[in-house]
Amino acid sequence: MNRYLTLLLISGLPFLLSAQNLRNNPSSNHGNKFEQLGIILPDPNTYRTASGAPGEAYWQMKADYKIKARLDEADTRLYGEEWVTYHNNSPHSLQYLWLQLDENQHSYNSELRNANGSDWNPPFDENIVSQMDVKDLNIGHGVNIVKVTDSKGNNLSYTINETMMRIDLPSSLKPKTKIKFFIQWNYKIPNRLTVGGRGGYELFPEDGNILFTMAQWYPRMCVYSDFQGWQNKQFTGRAEFALAFGDYEVEMDVPSDHVIASTGECQNYKNVLTAAQFNRYQQAINNYSDVTEIVTLPEARSAEKNISKLRKIWKYKAQNVRDFAWGSSRKFIWDLIPITIAGKRVLCMSYYGKEAYGLYRKYSSKTVAHTIKTYSKYTIDYPYPIAISVEASNGMEYPMICFNFGRTEKDGTYSEGLKYGMISVIIHEVGHNFFPMIINSDERQWTWMDEGLNTFVQFLTEQEFDNEYPSGRGPADKITDYMRLPKEQLEPIMTNSDNLYHFGSNAYAKTATGLNILRETIMGRKLFDHAFKTYAQSWKLKHPTPADFFRSMEDASAVDLDWFWRAWFYDIEPCDISIDSVLAYTFTIDPATNDTNKTITQNVVDPAPFSIPKQKSYEPITKTRNRESGIQFLIDKDTSLRDFYYYYDESLEKIAKETDVQPSKPSTPKKKQLSDSSTYAKFNNYHVYEVTFSNKGGMVMPIIVMFNYADGTEETEYVHPYVWRHNEHVVVKTFIKRKEVQSIVLDPYKETADINLFNNYWNQSAPMTKFQLFKNVNAVDTRRRPPSSNNNPMQRAKKKLK
């Protein structure tokens, strides 16, 4: 080998090793957290541009379905047959096709069922219960493929591997061509409460009725894409779906007293509803002022008692959707309210049994409407004509339809936690229409791209429902318990969906919190909202990847966020910024001698005592800005949504907000002679504070400092995260003030997910722990004063509870 070439290769070796190290540990990068992501992201190309938008050569496949299904309620079995037309819009020739058979996850001989650990400790977890039901009882779950043929009836060769089925084509499917084939199948519908799963049935033993949620119920095409070819990673029950868009025509043959809720628009309501129900429907779709019951509570009660042996066929059509799901039961009450989105009518509908009537009748359809409106404001105009919430004692999402929970006690009462939990899950599952049903990311790979982005917009939607809404995910201080876990228990957000341990905290909450920090603290609402909307509009009805999202957010805002993606999505380090010391300088000029007097107070921060019984807590910045933005909350626009809990709340958090600060005793000033200089004269009557901050957690974040002045006023300053560029561990920052500072608080509104608030204070006591707060609170306050009248809803609720 040429010796000069040898030297060149050797000299380039450190770069190659560095590049490989960066791939394996993006946060390392020789300690520089502000380097660009570079080779971590895939190179842009003609399919996906460097701006984060689809390229000029972007393509995606299409799969159209014509399906006939028959529901056997007595045997809890589904029989189906489908014609699939698959459009090869790629530049590649295909030798085979891959389809998903998700119900094989429940098959008694599936090896994937043993892929999760399980403890033998009552109450038994789902893994033990499902293994007992399927393996020991051998009740025969899984998909039975009866036949697979081409358009002429010729058998096609196929191979089933767990939850995937490959159809071998007799000849290549050329680019820009299509193929039509036929599949006949059936399967035993699982009991969702024992076997588990997203689709299945629930038996109500008191009357023998069943509620079916038909999801993942037909053989579905896998996605073939430009960035990974076939997405045929097995379905293990957690990582969800990657699906192609297409058009559907579906017929469901069910007992005649069943009511169906479904993806798409029903084509034959006149044939399947009673004359009275159909008349109510025609009136309801034009009544924009209130919710109308189509199938009433008395009708549902009657159907439960008088079971029919006749059958009816419901017919539906849906265009440009990635999936199709439905629910069927004689228990269903059905109501709706229409809204207008971009000049088009959207029917917001709810289906629920009598067990949920006390909550769903009041809240569900109005919550669906609020969700569609709010998500459309922040992302894209909702393109579909229907949005449905079904009460099915679970939570799962599909195009135009979702399954949720929300059952009251038998006397119709409910807790405040149940109410808000129900509203949140409805918002979340309806919101999935946008992520991933329309902005169609690969859930099997990246859970955060649908769950995390959706949870973020869910938070925005909750905060516009009510300014006192108790959102559990989104605010920065809600994620700190997770982020302070030992490092061996943490994973980056970019971890593959099936490998996540803290699934909800990571993919849902941490992603949503990160986006909220971007919006409220780093980018600002105006820049963030434009960039987020740009991403949503660019990838509407398409297949985005993480790189497309990262690039879109930067390209549309001119904000360099590579440091944030690196820290929040690729790493596990938490935010913990500390005030280590404060040097306080005061300069005054003696008018008699014109000499400058310099006084320096040196205060090294010590752990604050817990002797102060009361603390001041600052209102979350999101609520403050919502009020400043003039947002009119749904609960104020529609006062019928107010209930007993609107007027009565025993929240300790409210008490904490209304208590006062009692700062700890300041340090005794130490006078120190400094060299005279005429420069000091410029600071006559100024107060100068040299603050040393240290990054103890590792994640770089903005430094947000509140100065509490001696005169009782306060001021907050924001220091850009770039301040850490040259030293990611320690930063010294000087602040010049006209007034004397009494105390300093770091991150006063809890905006940065700082995991340790006890080192965020100078000259003021640290916050009390929850236990200390509990010990010091001796009174109960209320959030809103109940109205003083005989119609006090609190009194009415108490009477009802008796």
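Reader: Where does the charged end of Lys510 sit?
Author: Over the ring of Trp568, 5.6 Å from its centre. The test asks for NZ of Lys or CZ of Arg within 6 Å of the ring centre and within 35 degrees of the ring normal.

Reader: And what does Arg220 lie over?
Author: The face of Phe241, at 4.6 Å from the ring centre.

Reader: What sort of model is this?
Author: A predicted one: local features need pLDDT of at least 70, side-chain atom pairs need 80 or more, and totals for chains, interfaces and linings use all residues. Numbering runs from 1 along each chain as its sequence is written, and side-chain values use heavy atoms, without hydrogens or water.

Reader: How many aromatic pairs does a search of the whole structure find?
Author: 57. Rings of Phe, Tyr and Trp (its six-membered ring) pair with centres within 6.5 Å; planes under 30 degrees apart are stacked, over 60 edge-to-face, the rest tilted.
Author: Among the pairs is Phe34 with Tyr722, edge-to-face, at 5.9 Å centre to centre and 85 degrees between the planes.

Reader: Where in the chain are Phe34 and Tyr722?
Author: In distant parts, 688 residues apart. Phe34 is in the loop between α1 (3–24) and β1 (62–72). Tyr722 is in the loop between β28 (714–719) and β29 (730–737). Those elements are DSSP runs numbered from the N terminus: helices are H or I of at least four residues, strands E of at least two.

Reader: Is Phe34 buried or exposed?
Author: Buried, because its relative accessibility is 11%. Tyr722, at 28%, counts as partly exposed. Buried is under 20% relative accessible area, exposed over 50%, partly exposed in between (1.4 Å probe, protein chains only).

Reader: Next pair. What is the geometry of Phe532 and Phe549?
Author: Edge-to-face again: 6.5 Å centre to centre, 90 degrees between the planes. Phe532 belongs to helix α11 (residues 525–538) and Phe549 to helix α12 (residues 546–555), 17 residues apart. Phe532 is buried at 1%. Phe549 is buried too, at 0%.

Reader: Switching topic. How many disulfides does the structure hold?
Author: 0. The criterion is two cysteine sulfur atoms within 2.5 Å.

Reader: Is Cys222 buried or exposed?
Author: Buried, with a relative accessible area of 1%. Cys266 is buried as well, at 14%.
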